Amino acid sequence: MNVIEVQNLHKRYRDHVAVDDVSFDVRAGEIFGILGPNGAGKTTTVECVSGLRIPDGGTVRVAGLDPVTEGDALRRVLGVQLQSAALPEQIKVWEALDLYASFYPDPADWRELMERVGLGPKRDSAFGKLSGGQRQRLSVALALVGRPRVAVLDELTTGLDPQARRDTWQLVEQVRDSGVTIVLVTHFMEEAERLCDRIALIDTGRVVAVDSPAGFIGRVGGEQRLRFRPSVPVDDAVLLALPEVADVRRTGEQVVVTGTGNLAAVVTLALAERQIVPEDLRVEQASLDDAFVALTGRKLA
Ligand SMILES: Nc1ncnc2c1ncn2[C@@H]1O[C@H](COP(=O)(O)OP(=O)(O)OP(=O)(O)O)[C@@H](O)[C@H]1O
């Protein structure tokens with residue numbers, strides 16, 4: 001079932017086209033990524049989905065609602081954490097949660113939410129005194145306080161250190177597991193690859209493709225490369241006999257096998273059957289980055 005349907009969305013700022021022609025569907029229960037370089041139109045797209053901007057063309061439906069004409073009903077099903085959302089420096093964590101809860105007829109228990117995002121010990125801290133990761137956690141909690149079916153999270157981990165980023169990813173997964181559909185805007189490949197069930201790749205206001213991370217990687221051939229030093233010499237023919245193996249090369253003592261499918265498993269099994277140990281084994285795989293370059297001709301970063 002689709003929770004969000006966007007068709008031929010178009011949005012201009014004066015004569016600048018920010019979103020040219022964007023279409024995608026988000027299914028109930030998934031983490032749907034909107035991935036693309038700076039200025040691709042990601043934020044504008046989710047602002048139109050959230051009813052914060054009026055599109056110049058196309059249609060948007062969220063749980064069947066038109067964000068432009070049914071804004072009140074929309075706010076009951078959709079929670080937003082936006083890049084630009086800033087709270088007063090002085091407001092305390094509990095006050096912000098309590099305030100946001102008061103906007104909704106049937107809010108979540110904000111105390112429970114505060115514990116869930118790990119801010120219990122920061123209950124009385126001022127927003128201005130929170131670390132980047134704590135601010136992001138608070139913004140996720142604020143997006144969830146109205147018990148939304150859909151949460152829009154925009155550039156959630158920008159500016160966070162690696163540990164805070166991983167903690168935030170875990171939080172996003174917990175939110176999804178609690179039954180909330182998530183739209184995640186990001187320009188981090190690793191984040192999209194790790195978290196998203198499906199991704200819309202956006203470039204210069206257009207959707208380049210929508211696919212799962214594995215599907216994107218499969219588009220660039222799904223090719224894998226295996227490097228190892230065999231403990232005793234192995235014949236190329238042994239490896240080439242495996243249907244998954246496309247090519248075998250050697251550089252000094254190192255064997256480099258390229259192929260597809262379950263390459264690492266079948267090669268190591270074939271070696272084990274001959275009592276050969278693949279020493280210094282490394283598996284290299286195509287990434288979303290490779291897919292982005294193949295689809296757009298440019299690097300994302
Ligand atoms: N309020 C605005 N007025 C004029 N132009 C804008 C406005 N907001 C965004 N733009 C422009 O529209 C284009 C798309 O911006 P948008 O913020 O949607 O992209 P984005 O993919 O989210 O980028 P970022 O990751 O940098 O936020 C950019 O060229 C941006 O400069």
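## Overall picture

Take the contacts in the protein between residues at least 6 apart in sequence: 68% of them join residues at least 24 apart. Two residues are in contact here if their C-beta atoms, placed from the backbone, lie within 7 Å. This is a predicted model, so local features need pLDDT of at least 70 and side-chain atom pairs count only at pLDDT 80 or more, while totals for chains, interfaces and linings use all residues. Residues are numbered from 1 along each chain as its sequence is written.

Along the principal axes, the C-alpha atoms fill a box of roughly 70 × 45 × 30 Å. Of the 301 residues, 39% count as buried. Buried means that 20 or more other C-beta atoms lie within 10 Å of the residue's own, exposed means 12 or fewer, and partly exposed is in between, with C-beta atoms placed from the backbone.

## Around the ligand

The residues around the ligand are Tyr13, His16, Ala18, Gly36, Asn38, Gly39, Ala40, Gly41, Lys42, Thr43, Thr44 and His187. A residue makes the list if its C-beta atom, placed from the backbone, lies within 6 Å of the molecule. Two elements give two or more residues to this shell, namely β2 (16–27) and α1 (42–49). The most comes from α1, with 3 residues. Sorted by class, the shell has 3 nonpolar, 8 polar and 1 charged residues. For that sorting, Ala, Val, Leu, Ile, Met, Phe, Trp, Tyr, Cys and Pro count as nonpolar, Asp, Glu, Lys and Arg as charged, and the others, Gly among them, as polar.

Helix α1 itself is mostly covered, with 8 of its 8 residues buried. Those buried residues are Lys42, Thr43, Thr44, Thr45, Val46, Glu47, Cys48 and Val49. After α1 comes Gly51, which has a positive phi near 80 degrees.

## α3 against α5

Helix α3 (residues 93–101) and helix α5 (residues 132–144) have axes that come within 9 Å and cross at roughly 20 degrees. Axes are lines fitted to C-alpha atoms, for helices over the stretch in contact, and angles run from 0 to 180 degrees between N-to-C directions. The two helices are therefore roughly parallel to each other; angles under 35 degrees count as roughly parallel, over 145 as roughly antiparallel, 65 to 115 as roughly perpendicular and the rest as oblique. The crossing of α3 past α5 is right-handed, meaning the near helix is turned clockwise from the far one by less than a right angle, with anticlockwise being left-handed. On the α3 side the contact uses Val93, Ala96, Leu97 and Tyr100, and on the α5 side Leu138, Ala141 and Leu142. By class, that contact has 7 nonpolar residues, no polar and no charged.

Ala141 counts as buried because it has 26 C-beta neighbours inside 10 Å. Setting aside neighbours within four places in sequence, Ala141 is in contact with Leu97, Leu113, Met114, Val117 and Leu119. Tyr100 is 41 residues away from Ala141 in sequence, with 9.7 Å between their C-alpha atoms.

## α5 against α6

Helix α5 also packs with helix α6 (residues 162–177), at an angle of about 15 degrees and with the axes 10 Å apart. This pair is therefore roughly parallel too, and α5 passes α6 in a right-handed crossing. From α5 the contact takes Gly132, Gly133, Gln136, Arg137, Val140 and Leu144, and from α6 Ala164, Asp167, Thr168, Leu171 and Val175. The classes here are 5 nonpolar, 4 polar and 2 charged residues.

## Backbone spots to check

Most residues other than glycine have a negative phi. Ala63 has a positive one, near 50 degrees, and lies in the loop between β4 (57–62) and α2 (71–77). With 20 C-beta neighbours inside 10 Å, Ala63 counts as buried. Arg147, not a glycine either, has a positive phi of about 55 degrees and sits in the loop between α5 and β6 (150–154). Arg147 has 16 C-beta neighbours inside 10 Å, so it counts as partly exposed.

Note on methods
Helices (H or I, at least four residues) and strands (E, at least two) are DSSP runs, numbered from the N terminus.
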